[in-house]
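Subject: Structure for you to look at

Hello,

Here is the structure I said I would pass on. Please open it alongside this message, as the notes below refer to particular residues.

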Amino acid sequence: MDTLRLGRWQDALAGVECDALIVDAPYSARTHSGHDRGLDTGRYDAINGTSADRRAITYEGWTPEDVAAFVQDWSQRTRGWIVTITDHVLAPVWADALADQGRYVFAPLPWVAAASRVRLAGDGPSSWTCWIIVARPRTGNDRTGRPFSKWGTLPGAYLHTSDRPSHIGGKPLALMEALVRDYSRPGDLVCDPCAGYGTTLAAALRQGRQAVGAEMDPETHARGLEYLDRNGRARDLFEAVEQVTAAQELPW
Ligand SMILES: C[S@@+](CC[C@H](N)C(=O)[O-])C[C@H]1O[C@@H](n2cnc3c(N)ncnc32)[C@H](O)[C@@H]1O
């Protein structure tokens with residue numbers, strides 16, 4: 001199975017069913033226009049980095065209709081949790097759409113990118129917080145036979161600062177690994193239909209899940225394949241020790 005497929009999810013993932021859907025779909029048009037307006041000022045800063053790192057967003061913001069169509073489709077094909085990261089505009093739209101599909105929707109969870117600087121111009125995130133909407137099926141069991149309604153205790157917030165400032169919308173790997181651990185089981189198939197640079201898919205593979213996703217922009221897809229090549233495997237103990245040792249090498 002190709003892990004990161006090139007194309008729109010509507011085509012590239014036709015017929016795919018998954019255990020958990022973890023997606024970081026485009027934010028609202030309001031946030032996108034704020035991002036792009038902010039680039040003109042030179043004073044722009046945002047959740048992921050400095051103005052020097054930033055490019056205009058290459059894809060359209062999503063409308064409530066886009067969210068509804070996405071949720072309607074993937075609710076039928078996702079056995080377990082649906083998890084999405086979004087902005088304050090679309091957070092209630094996602095929650096309503098998931099509830100309309102009969103899912104049990106929890107209160108929005110904050111993702112706090114602590115110590116990031118906020119935007120000084122334009123619209124968009126004006127705080128450190130984006131929103132994670134999580135929803136589970138009201139009935140049924142996971143692959144191990146445990147009811148989704150007895151999943152266990154989960155964190156009420158996520159605090160992870162960006163590690164990918166040059167990637168538009170690229171999420172911290174540690175955040176995505178935490179979401180994968182919290183909302184899927186080992187061996188599950190995790191799907192991200194708007195995969196971007198492949199962070200969710202790398203996180204899933206590192207956590208011993210299977211992973212599949214799609215990205216429609218060829219350049220982003222190519223960078224995602226490279227990222228998965230470097231980061232998309234479960235780390236063994238020796239590799240982890242090597243990385244720690246390398247990180248401690250000092251320049252003098
Ligand atoms: C916020 S970014 C995802 C970033 C990703 N989580 C990461 O860490 O790299 C959203 C991505 O969805 C892609 N996208 C939007 N609509 C899509 C569609 N219909 N099919 C596939 N990809 C889509 C965009 O090109 C964009 O790269």
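What follows covers the ligand site, the aromatic residues and one arginine.

Please keep in mind that this is a predicted model.

Ligand site

The ligand has 18 residues around it, and those that come nearest are Asp24, Lys171, Tyr197, Thr199 and Glu215. Sorted by class, this shell holds eight nonpolar, six polar and four charged residues. For lysine 171, a polar backbone atom is 2.8 Å from an oxygen atom of the ligand. As for cover, the ligand taken alone exposes 610 Å², and the protein buries 97% of that.

Aromatic residues

The count of aromatic pairs comes to 11. Tryptophan 62 has 13% relative accessibility and phenylalanine 70 has 1%; the cut-off for buried is under 20%, so both residues count as buried.

Phenylalanine 148 and tryptophan 151 make a stacked pair, with 6.1 Å from centre to centre and 15° between the planes. Both phenylalanine 148 and tryptophan 151 are buried. These two residues also belong to one aromatic cluster, which is formed by Trp81, Tyr104, Phe106, Phe148, Trp151 and Tyr183.

Tyr104 of that cluster has arginine 136 over its face, at 4.7 Å from the ring centre. A further arginine over a ring is arginine 77, which lies over the face of tryptophan 74 at 3.9 Å from the ring centre.

Arginine 206

Is arginine 206 buried or exposed? Its relative accessible area is 18%, which is under the 20% cut-off, so arginine 206 is buried. Arginine 206 is placed in helix H6, which covers residues 199-206. The side chain of arginine 206 is joined to the side chain of glutamate 177 by a polar contact of 3.2 Å.

Regards

How values were computed
Residues are numbered from 1 along each chain as its sequence is written. This is a predicted model: local features need pLDDT of at least 70, side-chain atom pairs count only at pLDDT 80 or more; totals for chains, interfaces and linings use all residues. Side-chain values use heavy atoms; hydrogens and water are left out. Rings of Phe, Tyr and Trp (its six-membered ring) pair if their centres lie within 6.5 Å; planes under 30 degrees apart count as stacked, over 60 as edge-to-face and the rest as tilted. Buried means under 20% relative accessible area, exposed over 50%, partly exposed in between (1.4 Å probe, protein chains only). A charge sits over a ring if NZ of Lys or CZ of Arg is within 6 Å of the ring centre and within 35 degrees of the ring normal. A residue is near a molecule or strand if one of its heavy atoms lies within 4 Å of it. A polar contact is a pair of N or O atoms within 3.5 Å; within protein, one must be able to donate a hydrogen and the other to accept it, and residues adjacent in sequence count only if both atoms are side-chain atoms. Accessible areas come from the Shrake-Rupley method with a 1.4 Å probe; for residues, only the protein chains shown count as cover. Ala, Val, Leu, Ile, Met, Phe, Trp, Tyr, Cys and Pro count as nonpolar, Asp, Glu, Lys and Arg as charged, and the others, Gly among them, as polar. Helices (H or I, at least four residues) and strands (E, at least two) are DSSP runs, numbered from the N terminus.
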